[in-house]
Amino acid sequence: MVFDKVIKKIILSGFTLLLLGGCNPEMGRLPFESDVGCLRKELSSDTHPSFQIAANYCQQDDHGVPLPLKLKGALDLQMQAEKANIAYTN
């Protein structure tokens, strides 16, 4: 009985820490966040002042291979990606 309560508290504490960790602005891309949204968020923060660093932070990968950023409708970000030689799709 006491063992069950301890296990439940440990699981609850771990889950709480996991949820709070999801709010950390240094964590990078959030689940279901678009490339455009991630880049705009990172570029507006003091943590990633350059497009190259923000793009590296937001870029998804497929088994270690970076995927092109999806920048449809964001002409300003497309121009920055071209200047930084970062692959993107329109």
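Trainee: How does Lys41 count at 30% relative accessibility?

Mentor: Buried means under 20% relative accessible area, exposed means over 50%, and partly exposed lies in between, with a 1.4 Å probe and protein chains only. At 30%, Lys41 counts as partly exposed. This is a predicted model, in which local features need pLDDT of at least 70 and side-chain atom pairs count only at pLDDT 80 or more, while totals for chains, interfaces and linings use all residues. Residues are numbered from 1 along each chain as its sequence is written, and side-chain values use heavy atoms, with hydrogens and water left out.

Trainee: Which residues form salt bridges with Lys41?

Mentor: The rule asks for a side-chain nitrogen of Lys or Arg within 4 Å of a carboxyl oxygen of Asp or Glu. Lys41 meets it with Glu33, where the closest N and O atoms are 3.5 Å apart, and with Glu42, where they are 3.7 Å apart. Through shared partners, Glu33, Lys41 and Glu42 are joined into one network. Glu33 is buried, at 17% relative accessible area, and Glu42 is buried too, at 2%.

Trainee: How many salt bridges does the rule give in total?

Mentor: The count is three. Asp76 is partly exposed, with 36% relative accessible area, and Arg40 is partly exposed, with 38%.

Trainee: How many helices and strands does the protein have, and in what order?

Mentor: Helices (H or I, at least four residues) and strands (E, at least two) are DSSP runs, numbered from the N terminus. Here there are four helices and four strands. Along the sequence the pattern is α-α-α-β-β-β-α-β.

Trainee: Which residues of α2 are buried, and where do they sit on the helix?

Mentor: The buried residues of α2 are Asp35, Val36, Cys38, Leu39 and Glu42. An arc is taken from the directions that run from the helix axis to the C-beta atoms. Down the axis of α2, these residues fall within an arc of 165 degrees, so they line one face of the helix. Their cover includes α3, β3 and α4.

Trainee: What is Asp35 in contact with, leaving aside its neighbours within four places in sequence?

Mentor: Contact means heavy atoms within 4.5 Å. With those neighbours set aside, Asp35 is in contact with Arg29, Cys58, Pro68, Leu69 and Lys70. Asp35 counts as buried, at 6% relative accessibility. For the protein as a whole, take the contacts with a separation of 6 or more: residues 24 or more positions apart account for 37% of them.

Trainee: Which residues of α3 are buried?

Mentor: They are Phe51, Ala54, Ala55 and Cys58. Their arc around the axis is only 100 degrees, which puts them on the same side of α3. Among the elements that cover them are α2, β3 (69–70) and α4 (75–83).

Trainee: Which cysteines form a disulfide?

Mentor: A disulfide is a covalent bond between the sulfur atoms of two cysteines. The test is a pair of cysteine sulfur atoms within 2.5 Å. A search of the whole structure finds one. Cys38 and Cys58 form it, with their sulfur atoms 2.1 Å apart. Cys38 lies in helix α2 (residues 35–43) and Cys58 in helix α3 (residues 51–58), so the bond ties together parts that are 20 residues apart in sequence. Both Cys38 and Cys58 are buried.

Trainee: Why is this disulfide called left-handed?

Mentor: Because the torsion about the S-S bond of Cys38 and Cys58 is about -85 degrees.

Trainee: Which residues form the nonpolar patch on the surface?

Mentor: Patches are made of residues with over 30% relative accessible area and no salt bridge, like charges being joined within 9 Å and nonpolar side chains (Val, Leu, Ile, Met, Phe, Trp, Tyr) within 5 Å. Val2, Phe3, Val6, Ile7, Ile10 and Ile11 form the patch, with about 610 Å² of accessible area together. Areas come from the Shrake-Rupley method with a 1.4 Å probe, and for residues only the protein chains shown count as cover. Phe3 lies in helix α1 (residues 2–21) and counts as exposed, at 61% relative accessibility.
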